[in-house]
Amino acid sequence: MTIPARLKRNANHLSTSAHDAKKPKANGSITSFFGVPKAKSVKTQPLTTSSPSPSFDKAKWVASLTPEQQKLLQLEIDTLHESWLAKLKEELVTPEFLGLKRFLQKEKDSGAKIFPPENEIYSWSRHTPLNQVKVVIVGQDPYHNHNQAHGLAFSVRPPTPAPPSLVNIYTGIKNDYPTFQPPPNKGGLLIPWAERGVLMLNTCLTVRAHQAASHSNKGWERFTQKAIDLVARVRTNGVVFLAWGSPAGKRVASINRQKHCVLQSVHPSPLSAHRGFFNNGHFKKCNEWLAERYGPDEVIDWSLTSKTNTTAGTSPVVVTSPSTASKQLKTDSVKLSEVGPLEGKKNTATKTIESSELSDEFDEDIDTVEALAATEAAAQTV
């Protein structure tokens, strides 16, 4: 059949337009420093989707479990958000995870106090469903004293004041966004970030009271690694991973950096923050990458103050358009050799810890001791 010349011309025109639309923009954006694909002329599909697990039949899956499995996994059945449960259900029935649950049951039966409270162990999954993840912040061990851990890495509930690492995180944000104001009353509740798509996931999800790392190497590390890998696999258009400290860095070692944005630096703990955390630019870099990839509506608002009660001169921390990164931020990790020495006083014990390759393992312990002391001091003044 002969195709009319008019239709041929139209077809050629459409083909040329489609070809031109695929041409990448020429720019010197921040993505070029990270080695991720350059931004397209139009936004990719939205980060969030309305149906996280359309084919998952939770009741049918629960019915398939043995009576022992149902008993051991009741907490996961009741409190792990369905978007995560649908994708992690095979991991939950592995011998390793069931062994972890038996260990936790023995801890509970012994009368040991476990943090965070049982119904908040998986609060990260409910505040940040899988289909809404934009950013992943990798934490370590939960805070191990009263009124601290509630299932989100680095976050504490009122009236507990923000621990030292979180205070340093606030400083890092303010260095990127001078209008940022920390929460009133020295607050440290980070639920607003979680509800905006920031997954704050500790490597270990429980701890025995006053015993840092007491639940390490019991099975949580495998489970949370599966969760991190799951985000990298199913959030196919890319998310931002923030890994602070060497243990967190190991958790993101296998992430595809052509698809995702991986930002690494030293930990915000007082032991290491002065070696490069404050000026790593991660919060701004994160938003610039999201803006480039998805558009300005998908960036993270890092503010934690009430929108109706913001003080004069402050505003929500947002990015309205992609901006060109400054030339000094040419890498997504901080090279410790290029950072100056610690500021302030240092004693012999601190120097010894700093010289250890595992120094970051102790960061959260330092945080919780100082936070507890501050909480107790505040209680005594009431």
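Colleague: How many cavities of 30 Å³ or more does the structure hold?

Modeller: This is a predicted model, and the structure holds two cavities of that size, 30 Å³ or more.

Colleague: How much space lies in the largest cavity, and which residues lie nearest its centre?

Modeller: The largest cavity holds about 120 Å³ of space. Its lining consists of 18 residues, and those nearest the centre are Pro142, Leu152, Ala153, Phe154 and Asn202.

Colleague: Which residue does UniProt list for "active site", and where is aspartate 141 found?

Modeller: The unreviewed UniProt entry lists Asp141 under that heading. In the model, aspartate 141 sits in the loop that runs between strand S2 (135–139) and helix H9 (164–176).

Colleague: Is aspartate 141 buried or exposed?

Modeller: A residue is called buried when its relative accessible area is under 20%. Aspartate 141 has a relative accessible area of 11%, and is therefore buried.

Colleague: What lies 2.6 Å from a polar atom of the side chain of aspartate 141?

Modeller: The backbone nitrogen of alanine 213 lies at that distance from the aspartate 141 side-chain atom.

Colleague: What is the mean pLDDT of the protein chain, and where does pLDDT stay under 50?

Modeller: pLDDT expresses the predictor's confidence in each residue. For the protein chain the mean is 78, with 66% of residues reaching 70 or more. Over residues 5–43 the pLDDT is below 50, and this stretch has 41 contacts in the model beyond near neighbours in sequence. Residues 308–369 also have pLDDT under 50, and for them the model has 109 contacts beyond four places in sequence.

Methods: Residues numbered from 1 in each chain as written. Predicted model: local features only at pLDDT ≥ 70, side-chain atom pairs only at ≥ 80, totals over all residues. Heavy atoms only, no water. pLDDT = per-residue confidence, 0-100. Contact = heavy atoms within 4.5 Å. UniProt positions renumbered as here; feature names shortened; annotations may be inferred. Helix = DSSP H or I, 4+ residues; strand = E, 2+ residues; numbered from the N terminus. Buried < 20%, exposed > 50% of the residue type's maximum accessible area, 1.4 Å probe, protein only. Polar contact = N/O pair within 3.5 Å; in protein donor to acceptor, adjacent residues only side chain to side chain. 1 Å grid on protein atoms, 1.4 Å probe; cavity = no way out; pocket = protein on both sides within 12 Å on 5 of 7 lines; lining within 4 Å. Points joined across faces, edges and corners; volume = space filled by probe spheres on them.
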